[in-house]
Every structure is written in C-alpha cells, then in structure tokens.
Amino acid sequence: MTPAAPRAATRAYGVYRPVLPVTSPRHPDRMVYTGDADGRCEIFTWDRSSGVGRQVTDRPHGTLLCAIDGEEAVWWFDEDRDGSGCWRTQAFNGGPDHPALAGVPQGRPAGLALAAGGTVAVGVRSPEGLSVHLGRRGGAGTPVLRTTGSGTLCDLAPDGGLLAVSGPAHSAHAVTLLTPDGTTVAVLSGVRERTWALGFAPALHPLPDPAPSSGSTPVPGRPLLLVMRERAGRYHLGTWSSGRGLELLPWCSFDTETTARWYPGPGDTRILLRQDRHGRSQLFTAELDRHRLTRIPTPEGSILDASPAADGDVHFIWTDAVTVPQALSLSGRPLPGQSRWRLPRFGHRQDLWTPGPDGPVHTFVTTPSDRPAPYPLVLLVHGGPADHDRDAYDPMVQALVSSGYAVARVNYRGSTGYGPRWRSAYSEGVGHTQVADLVRARAELLERGIGREGAVGLCGTSWGGYLTLLAMGTRPDLWDAGVAVKPLADCATAFWHSTPELQVLDTALFGGTPDQVPDAYAHASPSSYATAICSPLLVVAARWDVKCPPEQIAAYLDVLRAGGVAHELMWLDSGHDGYDGADHLAVIRRTLSFLGRGLPTASVRAEPPQQPERR
C-alpha cells in the first residue's frame with residue numbers, strides 16, 4: 001500500500017501494502033482504499049472527478065479490510081488486537097457508522113460478498129469453525145452455513161441465489177455451492193486435482209461454449225462461477241454452472257500459479273488474469289466468447305495486485321527490487337494513495353540460478369553500489385511456504401543494502417511461481433528441503449565473491465523465521481547470525497494453539513496431527529535442534545499472534561534456556577501481520593543493530609558506478 005497525503009507536518013516513515021482501491025459499481029471515479037495515516041493502515045475514500053478524499057477510520061492499531069457496495073456504502077472490518085471483530089458501514093460522503101449486519105457473531109473475517117441487488121453474504125471464522133450469514137446492509141444476518149471444517153466464503157451470485165464456499169484446494173470439499181436456505185447444490189473435489197473458486201460472473205448471461213465444435217447450446221440466465229484447477233503440471237481456467245458442471249478451457253492454461261477476476265461490466269465475458277512466474281508477473285485478458293487469450297503489456301517486475309474497473313480500465317500495483325510499489329492504471333488516469341516520497345537508489349539487482357536436485361534454485365540478489373565486494377551477506381527468507389520472493393521492493397532489503405549488506409532472497413523448493421512440481425518438492429522432509437536450498441544458494445554466493453565467509457546471516461518472518469531457526473540449528477557451522485521474526489518455532493505446540501485453517505494445512509503437510517505422526521513434527525521442528533545453535537540469535541514474537549502463537553515461542557525459548565543458548569528476545573504488542581508501521585520500523589531498527597554486531601560491514605566505500613542501472 002502506498003501512502004495517502006500526510007496529516008502531520010513531518011514524518012519519518014509510512015506503511016506500504018499492496019492493496020488496490022475498490023471502485024464503486026455505480027461511479028468508477030468513487031473509490032475506497034487502505035491508505036497510510038501517520039504510519040498506520042486506515043480506510044479512505046476518494047472521488048477522482050472532484051479530487052476530494054477523506055479518512056474514514058481512525059483506530060489505535062489500524063484498519064486493513066474495506067469494500068464498497070452498490071449503494072456506495074463503505075464497508076470496513078472493525079477488529080481488535082487478536083483479529084476478531086465485525087463489519088461496519090458508513091455512507092461514502094460521511095456520517096455515522098453502523099454495524100453492517102445485526103446478529104452476526106464476532107470473529108475473524110472469512111469473506112465478504114456484495115450482490116448487485118443489495119444482498120450481502122458475510123463469512124466469520126471462530127474457534128468453532130466457519131459460519132456464513134446472509135442479509136441486507138443494516139438488517140439482520142441469517143445463518144446459511146455453520147461448519148467445524150476449514151473454509152472461506154468465496155462469492156455470492158449476482159442474483160443472490162447461490163453462494164460459493166472455498167475449502168482447502170486439495171480437499172474433498174474444495175468448493176461447495178449452496179442456496180440461501182443452506183441446501184448444497186454441488187461440491188467440487190480437489191483430492192485428485194487441486195481446485196479453487198475465483199468468483200461469480202458479474203451478471204446472469206448466456207454461458208460461453210468452451211468448445212465451438214461440441215454443438216452444445218448456451219444456457220441463459222444462470223450464475224457462472226470461475227474456477228482454477230491444477231492438472232498435469234499446469235493451471236487450467238474453467239467455469240462451473242448448474243446443469244453443466246465444471247468445464248475447463250483448453251485454450252487458457254498456465255505453467256505457474258495464476259489468479260483471475262471477471263471484468264465487472266454487465267454481460268462482459270472477459271477475465272483479467274495475473275500470472276506469477278519466476279518471481280515476476282504477467283497480465284492477460286481472456287475473452288470467453290472468442291476463446292482468445294491476450295497478454296497486456298506491463299513493465300518488467302512484479303504486479304502485486306490487479307483489478308479490472310467498472311469502466312473497463314485495469315488498476316494494478318507494480319514494483320521491482322529498487323522501486324517502491326506504485327498504483328497504476330492502463331489508461332494512465334490517477335489512482336489514490338500515491339507515494340509522495342522519492343526514495344534514493346540503494347543498490348544493484350541480479351538473478352542467480354543454482355543447480356539443485358529438482359531443478360535450479362532461483363535467487364534475487366541485491367548488492368550495495370557504494371562499496372566493493374565481497375559483502376557481509378544476509379539471506380532474507382520468505383514466508384509461506386506457499387509464497388515466493390519477487391522482483392519487488394522490500395523496505396528490509398533497502399535498509400540492509402543501504403547499511404552495506406548484500407541481500408539474497410531465495411525461492412527454495414515449496415515456493416510458488418515455479419509450477420506445481422516445484423511447490424510440492426519436499427524430498428528431504430518438511431523444512432529440511434528448504435534449508436538444503438538455502439545452503440546451496442549460500443555456497444554459490446560465496447563462490448562468486450558476493451558474500452564473504454564468516455559474515456553470513458539469516459533473517460526471516462513467519463515461515464521464513466521458521467526456516468531461519470531450523471537452519472541455525474541443523475547447520476550451525478554455516479551461519480554467523482540469525483533473526484527470526486514471528487516464527488514457527490515448535491511445530492507440535494503451534495498446531496495445538498493455532499487456527500483450524502492452519503491445522504488443516506499442517507495435517508496435509510506433515511501427513512497427520514502431532515498425535516498421529518509425532519516423529520514428523522519433531523523432525524521438522526526447530527525446537528528439536530535449538531541447543532546446537534552457536535551463533536547470535538534474535539527472536540521477535542507477537543503477543544497476539546494466531547498464526548505463530550506465543551505459546552510455541554515460549555516452548556522454544558524454554559529449550560534455548562535449558563541448553564544455555566545465548567539469544568535476544570523482542571516482544572511486539574500486535575498480531576501476526578500488524579497494521580502499525582511503528583512495529584515494522586522497530587523490527588528493522590532492532591535487526592540492523594543486531595546484525596551490525598554479528599556481521600560487521602566493510603568500512604571502506606568504493607566510488608559509485610557511473611553507468612545507469614535498469615529499473
């Protein structure tokens with residue numbers, strides 16, 4: 001996200017989140033977006049035609065989620081520190097705010113769907129499971145679904161007559177279609193082929209024929225659900241409708257992860273697709289009625305989000321390793337929340353491919369431009385595991401490179417963006433496969449003279465923090481310092497204190513629960529190797545973290561103390577993600593201070609190069 005106009009006279013930092021504005025279905029110039037309010041994420045409105053904007057929310061710990069309905073009421077999720085709360089609404093031009101749906105219990109957000117006729121569906125996640133409620137803004141919410149299983153509300157059909165609920169993509173209930181009275185219409189299984197829903201077409205219209213030679217007759221007036229299915233090493237776009245079931249589009253498939261959205265115009269059969277491939281992004285338009293896929297030209301780099309607007313324009317957030325994320329439109333028309341800062345250039349970037357048993361490991365390397373190699377080296381480990389590092393700006397990379405470190409971001413096995421085979425490659429065990437790739441990348445970075453022996457550190461957040469701890473414990477001879485931010489530290493304890501959704505993911509990843517496969521959890525757990533750590537270690541934890549809960553951090557710290565392992569500890573009074581930039585800034589400062597003691601930088605600076613660098 002890029003900052004909104006500053007409210008204070010001077011300010012040293014802001015927050016960046018890749019969140020696009022949501023446009024009004026009635027007036028595309030009217031937008032709601034998550035912007036920067038003195039270092040916190042808050043909700044803003046903006047009218048492009050008049051240039052008038054205002055801040056809607058002002059909460060101590062920030063606000064992230066927002067939407068706008070057909071009557072131009074602004075929605076936002078009002079949550080407490082542990083992420084539990086409810087939706088509230090306010091008129092676009094201001095006024096009092098109100099609960100969105102009466103009678104809906106507090107919980108964590110699990111989907112919001114707004115139908116054109118004013119019907120609303122809200123998904124709420126609690127320790128008891130998922131509940132979905134249906135109603136109209138300002139009225140009572142009627143329960144449609146209550147389940148103890150894992151799931152998320154995906155969408156509501158434009159006539160309000162059908163709901164799509166997503167389960168784990170690999171499960172027997174990958175997608176469930178329900179009527180407003182809770183009757184199950186269809187269930188799409190993902191057991192043999194991972195499957196997930198992407199949303200209903202914006203209007204009821206004749207269904208396209210996926211194969212012109214089939215001789216089938218389009219069926220008018222039925223909801224059409226967009227679906228993605230993984231098959232034979234590729235991702236295939238498809239549609240589902242009542243009576244015809246799931247039909248894949250043979251002319252629209254991709255070799256790496258791709259997501260899609262309908263263009264919002266009534267009767268429009270176009271789809272905007274965003275493919276993540278090898279750490280960079282591509283945009284496409286698929287025309288269902290013409291069976292045609294067309295690439296949309298965009299600058300080289302990463303597109304963190306993309307959305308078609310009601311007027312046919314496309315909004316997207318673009319960045320690369322040395323450029324702050326920018327909200328852009330294909331038409332060139334302005335979008336809200338643009339950065340008013342011009343950050344200095346801070347280094348060079350390059351790609352590195354290291355041979356490995358399942359194919360080459362891709363690493364993004366950023367190095368200082370004001371001093372000679374070799375550099376003290378930090379492997380900045382991404383989270384997930386179903387995620388990847390991108391050719392994208394990261395304030396931690398800028399802080400490290402500007403301080404004299406080379407930064408390597410490794411897309412280890414298990415990362416997205418390199419195809420299904422790469423994502424499912426765990427041949428050396430959970431965690432250990434990824435550590436092996438970090439070790440290979442480290443060796444090549446030193447062999448090429450980018451990093452220097454005796455000054456190699458690890459830093460990661462969430463799953464990246466987990467890999468940092470695991471690598472520090474299993475290969476203690478290779479690392480000279482480590483920073484683990486909000487990490488998974490004790491796998492079994494984390495499972496029992498985690499959310500039902502994460503328990504489902506862990507059960508699939510490890511092959512069962514800790515009671516069923518205790519050895520698998522112990523083998524993958526950093527706490528099993530913590531006493532072997534012999535280099536400086538900083539652990540940063542959050543008191544309200546539900547993804548990497550504090551109880552499992554405490555269990556890991558007990559092992560460190562029992563083994564006499566020296567370490568530093570920093571607690572944050574926030575949740576896992578955190579919407580307050582002050583916390584992120586505090587972590588960056590503490591990390592730089594800590595690494596400065598363990599990985600001293602070169603004192604001699606080189607003259608900066610004269611040749612221009614590609615952006």
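## Helices, strands and buried side chains in a predicted model

The axes of helix H3 (residues 432-447) and helix H4 (residues 463-474) come within 10 Å of one another and cross at roughly 75°, which means that H3 is roughly perpendicular to H4. On the side of H3 this contact is made by His432, Gln434, Val435 and Leu438, while H4 contributes Leu467, Leu470, Ala471 and Thr474. Two packed helices are described in just these terms, by the angle between their axes and the distance between the axes. The model discussed here is a predicted one.

### Helix H1 and its surroundings

Helix H1 (residues 395-402) has six of its eight residues buried, so it is largely enclosed by the rest of the structure. The buried residues of H1 are Met396, Val397, Gln398, Ala399, Leu400 and Val401, and they pack against strand S29 (361-367), strand S30 (375-381), strand S31 (406-411) and helix H9 (581-598). At the start of H1, the backbone nitrogen of methionine 396 has a side-chain oxygen of aspartate 394 within 2.8 Å. After H1 comes glycine 404, with a positive phi near 105°.

Strand S29, one of the elements against which H1 packs, also pairs with strand S28 (residues 348-354) in the antiparallel sense, over seven bridges. Within this pairing, tryptophan 353 stands opposite histidine 362 in S29. S28 and S29 form a hairpin with six residues between them, and in the turn glycine 359 has a positive phi of about 120°.

Strand S30, another of the elements packed against H1, holds tyrosine 375, a residue that is buried, with a relative accessible area of 9%. Leaving aside residues up to four places away in sequence, tyrosine 375 touches Thr367, Pro368, Gly404, Ala406, Ile450, Gly451 and Arg452; among them is the glycine that follows H1. How far apart are the C-alpha atoms of tyrosine 375 and serine 427? They are separated by 32 Å, with the two residues 52 residues apart along the chain.

### An open sheet of four strands

Elsewhere in the chain, four strands form an open sheet in the order S21-S22-S23-S24, with antiparallel pairing. Strand S21 (258-262) and strand S24 (292-296) are the edge strands, each of which pairs on one side only, and the twist averages 25° from one strand to the next. In a regular strand the side chains alternate between the two faces of the sheet. Strand S22 (residues 270-277) and S23 pair in the antiparallel sense over eight bridges, and one of the residues in this arrangement, aspartate 276, has serine 281 in S23 as its bridge partner.

Glutamine 282 lies in strand S23 (residues 280-287) and is buried, with a relative accessible area of 16%. Its side chain makes polar contacts with the side chain of glutamine 275, at 2.7 Å, and with the side chain of arginine 295, at 2.9 Å. Not counting residues up to four places away in sequence, glutamine 282 touches Leu273, Arg274, Gln275, Arg277 and Arg295.

Glutamine 552 belongs to helix H8 (residues 550-562) and, at 0% relative accessibility, counts as buried. A polar atom of the side chain of glutamine 552 lies 2.9 Å from the backbone oxygen of proline 487. When residues up to four places away in sequence are not counted, glutamine 552 touches Pro487, Leu488, Ala489, Asp490, Thr493 and Ala494.

A disulfide is a covalent bond between the sulfur atoms of two cysteines.

| Cysteine | Closest cysteine sulfur | Sulfur distance | Relative accessible area |
|---|---|---|---|
| Cysteine 66 | Cysteine 41 | 11 Å | 16% |
| Cysteine 534 | Cysteine 459 | 19 Å | 61% |

Methods: Residues numbered from 1 in each chain as written. Predicted model: local features only at pLDDT ≥ 70, side-chain atom pairs only at ≥ 80, totals over all residues. Heavy atoms only, no water. Helix = DSSP H or I, 4+ residues; strand = E, 2+ residues; numbered from the N terminus. Buried < 20%, exposed > 50% of the residue type's maximum accessible area, 1.4 Å probe, protein only. Polar contact = N/O pair within 3.5 Å; in protein donor to acceptor, adjacent residues only side chain to side chain. Contact = heavy atoms within 4.5 Å. Pairing = 2+ DSSP bridges. Axes fitted to C-alpha atoms, helices over the stretch in contact; angles between N-to-C directions. Disulfide = S-S within 2.5 Å. Parallel < 35°, antiparallel > 145°, perpendicular 65-115°, else oblique.
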